[in-house]
Amino acid sequence: MTRSFLTGTRGELLGVGVLALLVLLVLPLSLDVFRLNLVGKYLTYAFVAVGLVLCWGSAGILSLGQGIFFGLGGYCMAMFLKLEASNPEATKIQSTPGIPDFMDWNQLTSLPWFWEPFHSLTFSLAAVVLVPSALAFVIGVAMFKRRVGGVYFAIITQAIAAILTILIVGQQGYTGGINGITDLRTLKGWDIRTDEAKLVLYFVNAALLLGCILLCLAVRRSKLGRILVALRDKEDRVRFSGYDVANFKTFVFCLAAALAGVGGAMFTLQVGFMSPSFVGIVPSIELVIYCAVGGRLSLLGAVYGTLLVNWAKTSFSESFPELWLFAMGALFIGVVMAFPNGLAGLFQTHVVPRLDRLRGRGLPPVPGPTRMAAE
Amino acid sequence: MFDGYSLSELGSIFAMQGFAGLILFSVFVLMALGLAIIFGQMGVINMAHGEFMILGAYVTFVCSHLVGEHAPWLFPGYFFIAMALAFVASGSLGMLVEWSLIRFLYRRPLDTLLATWGLSLIMQQIFRSTFGAREVGVTLPDWLMGSLSLTDTIEVPINGLFVMALTMTISAVVYAVLFRARWGRGVRAVMQNRVMAGAVGINTEKVDRYTFGLGCGIAGVAGSAFTMVGSTGPTSGQLYIVDTFLVVVFGGAQSLIGTIASAFTISQAQSTMEFFLSGSMAKVLTLLTVVGILMLRPQGLFVLKVRR
């Protein structure tokens, strides 16, 4: 294949620029606050999808438990917001004022010890990144050091997602149970439920996502990224060359977990609650399909895939709720059987050559609209 | 934790919970047997396994209604017809799925996982559209109702005994087919070394298709048996799929004995703990222990030594 002007560092940066233009300018100008908030919610899933591209696409580690990390990040943020919302004045009708309402309903009379540090915003923000990566580190070290990978790893992560959901639902007094942590109001006195706050949070979220994509691009272009690809394709050969494969795998798994945690925290801020329905097996595997539809090898593709699948889900569920599961199932099968490289693969094979031809004829390249048409 | 129970009461509790565990064990074994064949022997991750089971359960449900309405004289024995039909329905659907989907994906196990998950979503929605979202149960014939009293405090339900007997029969048949019959030798040869098996004249494609069908068929029978001890809804299959995979992995994926042993360990641990802790904590503790052991011993309890 001839080299296109859209490959290499310049092409990737161009792609990030187009995405930035789309999420920072086109979408905010064309959508009302409600729809924009929805897009913001979808973009929080894109954090996980981007992490999965690195973890699954580059390094070949399929984790079916990314919902765990998304949920943990979200819960860390929600715990801080909940504590702020349940100050003694707001909760004075409870039998124990000053603790979250669901604890009062479950006859708890004091704040559990692990909730205490979440009074501090700094601690909570650190926890959003550190708690998911710490868990990922434990899982990663335990599994990769014993050379467990592939299918077994996928099943174990899925089991952990199931365990965590049962635990959260079962321990109602400590976690809010099946309803999750709801009724979140302010962040350091700033009301997060107003339209302006939603707008601000959308831009913070989009900027963070772009930052994360740039970080992942840097990781992929580094020597580390090449080793990841090498160990995906021939793990033994990398090991025989003297690299400690387990450390690299653990690192990329932790990085993906941290990204998912950030996504979860932004989700809580924008949507205003967190519940176990974003932790379990089904949401975790849906996150994988976002990444697969976008293209498991393309960081930008994952973002478009997430947006597209969620947009389809929302519009399908509004008009034909019973058809959605059929469409979703067909999507899983279709992506695997017909388009293993997803939208990004289609873009590479069908759109890029045409753009090159256009450019060769001396016409100015118009990647923006064409790329959007391809999505 | 043991306060307030006398010694004989404790004995009865352990006996009763042990028996409840045995019923759970039977259901686990039935579900895991099919998966042990498909996952353990063939290496295919079938996330739709739970849905094949639910298909068997719905076949039984339809059978119980049809027989009850049109041929009441057959009712005491309808269960055996239902089981045979469930086996045929799930098995032939399994063969169809293998032919249209799985056979293209033998070299890409992770993709099989995603594709069969998609299949499971489609099957769930079909069940929901056909039978409704509510859980359904079957009417048991009279001879399966009631329970036997062994002592004053220990009672065992008859349907539980029947499920256990069924499990033992099916396990014995599967063992005989896989390890004693000529066909099973072909299956094991293909799974151990596909190229060589093909070279000595075994039709590997045909073996793959029938093996997958057999695994799915057993799942159908498991679903049929499942209707006797619980009710069935469109999403019931999804509830059990993780447990079932853990049972197979924990037992050592290629060992049939290992699957049975691990089903026994997990079900007994869970049902005994359930009496003293809440149901959810018992499940969390059991699963955590299994995952913890798997992290220390990833190959599972029993290892089959195969030269690759």
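Helix axes are lines fitted to C-alpha atoms over the stretch in contact, and the angle between two of them runs from 0 to 180 degrees between N-to-C directions. In this predicted model, the axes of helix 5 (residues 158-179) and helix 8 (residues 204-229) of chain B cross at roughly 170 degrees and come within 9 Å.

**Helix 5 and helix 8 of chain B**

- Angles over 145 degrees count as roughly antiparallel, and helix 5 and helix 8 of chain B are therefore roughly antiparallel to each other.
- From helix 5 of chain B, the residues that meet helix 8 are B:Asn159, B:Gly160, B:Phe162, B:Val163, B:Leu166, B:Ile170 and B:Val174.
- Their partners in helix 8 of chain B are B:Ile218, B:Val221, B:Ala225, B:Met228 and B:Val229.
- Sorted by class, this contact between helix 5 and helix 8 of chain B has ten nonpolar residues, two polar ones and no charged ones.

**Helix 8 and helix 11 of chain A**

- Helix 8 (residues 195-221) and helix 11 (residues 245-271) of chain A have axes 10 Å apart and pack at an angle of about 170 degrees.
- These two helices of chain A are therefore roughly antiparallel to each other.
- Helix 8 of chain A contributes A:Lys198, A:Leu201, A:Asn205, A:Leu208 and A:Cys212 to the contact, while helix 11 of chain A contributes A:Leu259, A:Val262, A:Met266, A:Leu269 and A:Gln270.
- The residues of this contact in chain A comprise seven nonpolar, two polar and one charged.

**The interface between chains A and B**

- Across the interface, 35 residues of chain A are in contact with 32 residues of chain B.
- On the chain B side, helix 4 (109-131), helix 9 (236-251) and helix 11 (279-296) each supply at least two residues.
- Helix 4 of chain B provides the largest share of that side, with 14 residues.
- By class, the side of chain B that touches chain A has 24 nonpolar, six polar and two charged residues.

**Annotated spans of chain B**

- An unreviewed UniProt entry lists "transmembrane region" for several spans of chain B, including residues 109-127 and 158-178.
- Residues 109-127 of chain B are 100% helix and 0% strand, with end C-alpha atoms 27 Å apart.
- Residues 158-178 of chain B are likewise 100% helix and 0% strand, and the end C-alpha atoms of this span lie 30 Å apart.

**Helix 3 of chain A**

- Helix 3 of chain A, residues 66-85, has 20 residues and reaches 28 Å from its first C-alpha to its last, close to the 28 Å expected at 1.5 Å a residue.
- This helix of chain A is mostly covered, as 17 of its 20 residues are buried.

**Two loop residues**

- A:Gly177 is placed in the loop between helix 7 (172-175) and strand 1 (186-187) of chain A.
- A:Gly177 counts as partly exposed because it has 18 C-beta neighbours inside 10 Å.
- Leaving aside residues up to four places away in sequence, A:Gly177 touches A:Val169 and A:Gln172.
- B:Tyr106 lies in the loop between helix 3 (78-100) and helix 4 of chain B.
- B:Tyr106 has 13 C-beta neighbours inside 10 Å and so counts as partly exposed.
- B:Tyr106 and B:Ile45 are 61 residues apart in sequence, and their C-alpha atoms are 9.9 Å apart in space.

Notes
Residues numbered from 1 in each chain as written. Chains lettered and ligands numbered in written order. Predicted model: local features only at pLDDT ≥ 70, side-chain atom pairs only at ≥ 80, totals over all residues. Helix = DSSP H or I, 4+ residues; strand = E, 2+ residues; numbered from the N terminus. Expected span 1.5 Å × (residues − 1). Buried ≥ 20, exposed ≤ 12 C-beta atoms within 10 Å, placed from the backbone. Contact = placed C-beta atoms within 7 Å. Nonpolar A, V, L, I, M, F, W, Y, C, P; charged D, E, K, R; others polar. UniProt positions renumbered as here; feature names shortened; annotations may be inferred. Parallel < 35°, antiparallel > 145°, perpendicular 65-115°, else oblique.
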